[in-house]
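Please walk through this structure with an eye on its helices, its core and its ring pairs.

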Amino acid sequence: MHIHDFAVRAANAVNTHDPNAVVALWAEPADYDSVLTGPQQGLAALRAREEALFAGFSDLRATITPLGQEGETGAILVRFDGTHDGEYAGFAPTGRTMALEMVAVVSFDDAGRVVGERVFLDAGSVAAQLT
């Protein structure tokens, strides 16, 4: 899959709050690493992570901008906007609006499905918005 196609499909899956559509973009081993969640692996963990995100931000919207791709690795800029109206990552709901930008490095397998993602974000900004 090309990073541009992934950006469109991933944004659509997030914006419709469809964990099945998110999981459909991935394949095992589904390695994921973010300072917010820590390292995770597997499609079951991916589904649980997305369901928790949608429960924590019932109006979550994503804007995903492709930054480039070299071989089977691409990069995207992700912006999440939403109201923190449910528990997320151990943070009780605040009712405040959150705006978060992050960069993700995405690895694809030969069939074009995501097998890994590493997220870089400002954890201090996230904590300030969720507390």
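Predicted model: local features only at pLDDT ≥ 70, side-chain atom pairs only at ≥ 80, totals over all residues.

Start at helix α1, residues 3-15. Its 13 residues should span 18 Å at 1.5 Å a residue, and the end C-alpha atoms are 18 Å apart, so the two values agree. Which residues of α1 are buried? They are Ile3, Phe6, Ala7, Ala10, Ala11, Ala13, Val14 and Asn15. An α-helix has 3.6 residues a turn, so residues three or four places apart point the same way. After α1 comes His17, with a positive phi near 50 degrees.

Next, the core. In soluble globular proteins, nonpolar side chains tend to be buried together. Here the largest nonpolar core holds 35 residues. Phe6, Trp26, Ile64, Ile76, Phe80 and Val106 touch the most other members. Helix α1 gives the largest share of this core, 7 residues.

Take Trp26 from that list. Beyond its neighbours within four places in sequence, Trp26 is in contact with Asp31, Tyr32, Leu43, Leu46, Arg113, Val114, Val115, Gly116 and Glu117. One of these, Tyr32, has a charge over its ring. The charged end of Arg49 sits there, 3.5 Å from the ring centre.

Now the aromatic pairs. How many are there? The count is 2. Phe6 and Phe108 have ring centres 5.9 Å apart and planes at 75 degrees, so they form an edge-to-face pair. An angle over 60 degrees sets that label. Phe6 lies in α1 and Phe108 in strand β5 (residues 97-108), so defined by DSSP runs, and the pair links parts of the chain 102 residues apart. Both residues are buried.

The other pair is Phe57 with Tyr88. Their ring centres lie 5.6 Å apart and their planes are at 65 degrees, so this pair is edge-to-face too. Both partners sit in loops: Phe57 between α3 (43-56) and β3 (61-70), Tyr88 between β4 (73-83) and β5. They are 31 residues apart. Phe57 and Tyr88 are both buried.

Finish at helix α4, residues 123-130, which holds Gln129. Is Gln129 buried or exposed? Gln129 has 17% relative accessibility. Buried means under 20%, so Gln129 counts as buried. Leaving out residues up to four places away in sequence, Gln129 touches Thr94, Arg96, Thr97, Met98 and Ala99.

Definitions and conventions. Residues numbered from 1 in each chain as written. Heavy atoms only, no water. Phe/Tyr/Trp six-rings, centres within 6.5 Å; stacked < 30°, edge-to-face > 60°. Helix = DSSP H or I, 4+ residues; strand = E, 2+ residues; numbered from the N terminus. Buried < 20%, exposed > 50% of the residue type's maximum accessible area, 1.4 Å probe, protein only. Lys NZ or Arg CZ within 6 Å of the ring centre and 35° of its normal. Core = buried A, V, L, I, M, F, W, Y, C linked by side-chain atoms within 4.5 Å. Contact = heavy atoms within 4.5 Å. Expected span 1.5 Å × (residues − 1).
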